[in-house]
Amino acid sequence: MTAPVEEDVKVGFGRMRRVEDARFIRGRGTYVDDVQLPGMLHLAILRSPYAHAKIVSIDTSAAEAHPKVKAVVTGATLDSLGLAWMPTISYDTQAVLATDKVRFQGQEVAFVVAEDRYSARDALELIEVEYEPLPVIADAKTALDPGAPVIRDDKEGKADNHIYDWQAGDKDKTDAAFAAADVVVSEEILYPRVHPAPLETCGSVAHLDKATGKLTVWTTTQAPHAHRTLYAIVAGLPEQKIRIISPDIGGGFGGKVGIYPGYVLAVVGTIVTGKPVKWMEDRSENLVSTAFARDYHMTGEIAATADGKILGLKVNVLADHGAFNGVAQPTKYPAGFFHIFTGSYDYGAAWCNVTAVYTNKAPGGVAYACSFRITEAVYLVERMIDALAAKLDMDPAELRLRNFIQEDQFPYTTPTGWTYDSGNYPVTMRKAMEIAGYEKLREEQRAQRERWAAGDRSGTLTGVGISFFTEGVGAGPRKHMDILGLGMADGAELRVHPTGKAVLRLSCQSQGQGHETTFAQIVSHELGIPTLDIEVVHGDTDQTPFGLGTYGSRSTPVSGGATAVVARKVRDRAKLVAAAMLEVSHEDLEWEQGRWFVKGDPEQGKTIAEIAMAAHGALELPEGVEGHLDATCVYNPPDLTYPFGAYIAVVDVDPGTGVVKVRRFIAVDDCGTRINPMIVEGQIHGGLADGIGMALMQVMAFDTDGNHLGSSFMDYLLPTSLECPSWELGETVTPSPHHPIGAKGVGESATVGSPAAIVNAVLDALKPWDVTHADMPLTPANVWSLTQGRPLRT
Ligand code: MCN
Ligand code: CUM
């Protein structure tokens with residue numbers, strides 16, 4: 001539902017159409033590929049056709065002879081500059097250009113800089129590379145086999161493909177809980193490798209001005225400040241001479257957090273040629289080489305009493321990290337926030353082990369609205385709950401309601417150490433059931449099953465699937481969370497001009513989430529300045545304060561906190577100025593949105609605009625009060641915020657063809673205070689579509705030689721309006737007790753929560769065959785094969 005124009009809220013929180021859309025819908029956005037500089041050259045990358053092969057030789061002479069080519073660079077050239085390898089954000093190393101061998105199909109081998117994009121591409125074909133193919137690890141399950149080819153033989157003393165083992169929880173306590181249980185259910189669950197597939201691919205325009213020594217990089221990044229510092233550290237460039245500009249971004253979804261070889265190559269390209277250099281991926285390059293998501297092979301075990309009280313959960317994960325460990329997540333958490341897998345339920349014991357391995361696939365690991373692996377965690381627990389419900393022959397809603405953490409238990413500490421800030425799960429769950437008409441759906445289903453049992457097998461089968469999620473979003477605080485030593489806190493700066501209009505400078509960066517609108521709304525809420533009078537500046541390191549960027553739905557929890565705090569600083573300063581203007585003590589003043597007035601005499605007051613003018617004027621200010629109203633702040637969040645939600649999918653499955661139609665989808669989200677409900681709903685709509693994509697259509701598949709089987713949108717399917725029902729949304733509002741405005745993040749909630757609901761719904765439809773689990777994507781062929789050769793329960 002979109003509110004009509006006249007309902008746009010003018011001041012503070014509420015529904016309001018996005019300010020940035022005025023340029024987006026007119027085609028007036030400025031994306032990296034729109035950047036054109038005089039004399040700009042174009043860079044193209046030669047990529048490996050093999051998943052694993054020794055590089056015997058590279059001959060670049062023909063490419064160099066191309067009349068429009070300005071430079072051809074191989075790994076050997078970079079090696080001589082000490083730039084052939086770069087650190088990843090998980091303390092591993094990654095080849096910028098391959099020197100010794102290639103380790104995944106699509107890996108960067110050489111690059112060409114030419115006068116135009118076409119010549120650069122043509123010249124790639126003139127480079128002769130002789131490869132000697134090596135045995136390939138395309139299946140993580142074989143990575144640790146004795147005698148498996150060692151992928152990372154560049155690392156000294158490395159004799160296997162093991163990356164790390166990581167545990168959380170209490171193993172002994174969990175074993176004891178399992179020993180005391182009436183029922184134990186186990187399932188092998190794969191969350192397949194998927195890709196965020198933003199419509200804008202990755203790219204950079206790099207320009208080193210040799211006269212000033214200033215390096216300016218327009219680049220597709222979700223974290224401009226972090227990128228600046230990393231360029232400085234890695235390339236040894238002075239940080240004050242680096243300017244990272246992240247202009248309009250056409251979707252990030254986690255795929256634009258890390259630093260890709262291409263970004264570095266564009267910088268090398270401008271250093272080598274002395275000209276601005278543009279590199280822009282094509283679709284296939286984006287799909288085969290940039291950060292994938294998931295690829296978690298999970299073995300879950302859940303223990304409970306006969307009447308459905310959960311006692312414990314255990315998980316063993318084999319994590320496929322590809323050829324380089326390039327996962328983006330806070331340093332102390334090699335498996336991200338996966339150990340939040342205990343979910344929304346109250347039980348004492350949980351344990352997990354994660355073993356990560358190298359394979360001959362692209363690096364990455366967290367992307368695609370992952371909330372640092374909470375996606376995998378929610379999928380695991382919500383599948384396990386349904387498996388337990390099936391075993392106990394209990395309604396899955398009833399089982400959840402019986403085990404929820406209760407309202408009076410918050411703040412709640414989980415068995416793996418998370419402290420959930422606030423929640424009221426039963427209310428949210430019941431609201432979703434009410435919107436769905438849950439009991440009626442079950443009745444419809446019973447009638448359908450009876451008809452089938454009686455021999456009438458016409459038509460489709462209805463499935464109803466539930467997923468209830470809790471996420472932890474808003475990384476830091478910085479004492480617990482950092483990326484490569486950079487603590488996860490955010491800066492904000494607010495300037496109020498003499499006429500009462502304001503400019504807010506943020507460290508986080510929008511990729512489509514509407515920050516120019518919602519962050520202005522936060523300032524408006526705090527100061528009463530109309531939202532349209534507040535300009536938001538972001539995505540340019542020369543113009544904004546330092547901060548760690550946008551991912552893990554951290555902008556509202558962290559930069560949103562910074563924005564509220566900096567606005568309050570302005571308000572406090574304004575109070576002192578107002579007191580001087582009114583010639584009263586500041587203690588006698590009271591605030592209402594937009595003005596300070598004298599307690600008991602509301603006529604006597606000054607608006608924020610009047611105060612702003614006076615603060616810049618000749619008014620005599622009290623001792624110690626600086627002029628102007630500008631303020632800065634660094635917000636170090638006390639903890640994560642914990643949004644949650646109840647999702648119900650209703651599907652119609654045709655067992656004869658395996659086709660799944662999502663008939664209805666009900667989503668009741670609780671992200672605390674909603675700044676702009678319209679934007680929140682948009683975020684949820686997008687995430688639910690993602691869920692349909694992953695549950696039913698998407699997988700990054702490889703053959704046994706490591707060849708990519710989904711390198712275009714013909715094979716890697718994105719959901720469209722045709723696959724999506726008209727979403728039915730509801731909301732509950734449980735503010736975060738420690739966030740300045742009570743807001744929790746929401747940007748990844750629906751992607752995190754929805755796949756389990758859809759899979760649970762499909763398996764529910766197939767109940768007559770007692771199918772207990774099936775891995776995504778539930779394509780027609782996969783669904784059809786589930787029932788083949790299985791007896792139908794009658
Ligand atoms: N919001 C709100 N009230 C709340 C919470 C959020 O009004 N209680 C608003 C925010 O102010 C912001 C939007 O909703 O305008 C999303 O806020 P938040 O949950 O803080 O998430 P981020 O802004 O940090 O965005 C990151 C998140 C992530 S990690 C991925 S991945 C993802 C997502 O956002 N990528 C997206 N949504 C996306 N949406 C678009 N269009 N494009 C992407 O690349
Ligand atoms: Cu992990 S996808 Mo988002 O955090 O940018």
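Modeller: Happy to! One term before we start: a polar contact here is a pair of N or O atoms within 3.5 Å. Keep in mind too that this is a predicted model.

Biologist: Good to know. Which backbone atom is 2.6 Å from an oxygen atom of ligand 1?

Modeller: That one is a polar backbone atom of Val-746. A polar backbone atom of Thr-673 is 2.7 Å from a nitrogen atom of ligand 1, and a polar backbone atom of Arg-554 is 3.4 Å from an oxygen atom of the ligand.

Biologist: And how much of ligand 1 does the protein bury?

Modeller: The protein buries 95% of the 840 Å² that ligand 1 exposes when taken alone.

Biologist: Which residues come nearest to ligand 1?

Modeller: Gly-252, Gln-513, His-515, Thr-556 and Val-746 come nearest, out of 33 residues around the ligand. By class, that shell divides into 10 nonpolar, 19 polar and 4 charged residues.

Biologist: Which helices supply at least two residues of that shell?

Modeller: Helix 13 (515–527), helix 14 (555–582) and helix 16 (677–697) each do. In terms of domains, at least three residues of the shell come from domain 2 (292–414 + 424–474 + 639–787), and at least three from domain 3 (490–635).

Biologist: Where is Cys-370 placed?

Modeller: Cys-370 is in the loop that runs between strand 18 (364–365) and helix 9 (374–392). Other residues around ligand 2 include Ala-369, Ser-371, Tyr-551 and Glu-748. The shell around ligand 2 has 6 nonpolar, 4 polar and 1 charged residues.

Biologist: Which polar side-chain atom lies 2.9 Å from an oxygen atom of ligand 2?

Modeller: That atom belongs to Gln-222. The backbone takes part as well: a backbone N or O atom of Gly-552 lies 2.5 Å from an oxygen atom of ligand 2, and a polar backbone atom of Gly-254 is 3.2 Å from an oxygen atom of the ligand.

Biologist: Changing topic, what is the strand order in the open sheet of 3 strands?

Modeller: The order is 6-2-8, and the pairing is antiparallel. Strand 6 (101–102) and strand 8 (128–133) are the edge strands, each pairing on one side only.

Biologist: How many bridges join strand 2 to strand 6?

Modeller: 2 bridges join them, with strand 2 covering residues 53–59. Lys-54 stands opposite Lys-101 of strand 6.

Biologist: Great, thanks for the walk-through!

Conventions. Residues are numbered from 1 along each chain as its sequence is written. Chains are lettered from A and ligands numbered from 1 in the order in which they are written. This is a predicted model: local features need pLDDT of at least 70, side-chain atom pairs count only at pLDDT 80 or more; totals for chains, interfaces and linings use all residues. Side-chain values use heavy atoms; hydrogens and water are left out. A residue is near a molecule or strand if one of its heavy atoms lies within 4 Å of it. A polar contact is a pair of N or O atoms within 3.5 Å; within protein, one must be able to donate a hydrogen and the other to accept it, and residues adjacent in sequence count only if both atoms are side-chain atoms. Accessible areas come from the Shrake-Rupley method with a 1.4 Å probe; for residues, only the protein chains shown count as cover. Helices (H or I, at least four residues) and strands (E, at least two) are DSSP runs, numbered from the N terminus. Ala, Val, Leu, Ile, Met, Phe, Trp, Tyr, Cys and Pro count as nonpolar, Asp, Glu, Lys and Arg as charged, and the others, Gly among them, as polar. Domain bounds come from an automatic or database domain assignment. Two strands pair if DSSP finds at least two bridges between them.
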